[in-house]
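Student: Can we go through the aromatic rings in this one? I'd like to see the model before we start.

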Amino acid sequence: MKKVICKNYEEMSREAAKLVAEQIKAKPESILGFATGSSPVGMYKELVRLNKEGEIDFSKITTFNLDEYYPILRSNDQSYYYFMFDNLFSHVNIKKENVNVPNGEVSDPDAECKAYDEKIEAMGGIDLQVLGIGHNGHIGFNEPDEKLIGATHRTGLTESTFHANSGYFEKPEDMPREALTMGLTPIMQAKKIVMVISGKSKAPIVKRMFDGLIGTDCPASVLHMHRDVTVFLDEDAASML
Ligand code: PGA
């Protein structure tokens, strides 16, 4: 795994955006995997700027997001569908029909997950996947557990994730306790992976991820088995390395 340590969040965001922009320029019809959370927000801002300046074109891009709460309405401002339009899709020239986010509104989540994997597969897999990391080492909502799941699936959320995310909801109890998440197979089959990590609170899990041991206690550690991962960290996130 390649490590790029940046001075601060802004530099991390710019550097990560450069890699995504390179991918878009090299292959205008790229399939991009996107993530939510506070980590990639600055990177999305930078991609919006590059699109407005005519540097990158989203008109032929297709996207698959990593995850979504379940159940949740897409109109809920805490849904990841809403987040992606708010932070990126509404501000760039992407076609709405090329945007894929697991649908937290469906009555049959298992069918939704199966169809999601089939669509990714039919499109030839993801060219570049953006990831953050949870304080507990999750990627997407693949939470630490005895066993990890390859396919896209419905999952319960851990206390750590509830603690990290419930503050965004008006009342903590409004946060769904489940989610639909891309499994580790489509993530690991992405041709390229770009990870963004910032802040002191992530330093311990960054240390764990880079210790070289692969274990289900830290789902992100499976990335050691991928050939093309670039991790962009700010100095705070890298402070225990
Ligand atoms: P964060 O979330 O960027 O808001 O810290 C990352 C994650 O949980 O994957």
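Student: How many aromatic pairs does the count come to?

Tutor: The count comes to 9 aromatic pairs. Rings of Phe, Tyr and Trp (its six-membered ring) pair if their centres lie within 6.5 Å; planes under 30 degrees apart count as stacked, over 60 as edge-to-face and the rest as tilted. This is a predicted model, where local features need pLDDT of at least 70, side-chain atom pairs count only at pLDDT 80 or more, and totals for chains, interfaces and linings use all residues. Residues are numbered from 1 along each chain as its sequence is written, and side-chain values use heavy atoms, with hydrogens and water left out.

Student: Why is the pair of Phe34 and Tyr44 edge-to-face?

Tutor: Because the planes of Phe34 and Tyr44 are at 80°, with the ring centres 5.3 Å apart.

Student: Buried or exposed, those two?

Tutor: Phe34 and Tyr44 are both buried (under 20% relative accessible area; exposed is over 50%, partly exposed in between, with a 1.4 Å probe and protein chains only).

Student: Which residues form the aromatic cluster?

Tutor: Phe34, Tyr44, Tyr81, Phe85 and Phe89 form one cluster.

Student: And Tyr69 with Phe141, what sort of pair is that?

Tutor: Tilted, with 5.9 Å from centre to centre and 40° between the planes. Tyr69 and Phe141 are both buried.

Student: New topic: which charge lies over the face of Phe162?

Tutor: Arg177, at 3.6 Å from the ring centre. The rule asks for NZ of Lys or CZ of Arg within 6 Å of the ring centre and within 35 degrees of the ring normal.

Student: What lies over the face of Phe85?

Tutor: Lys96, at 5.9 Å from the ring centre.
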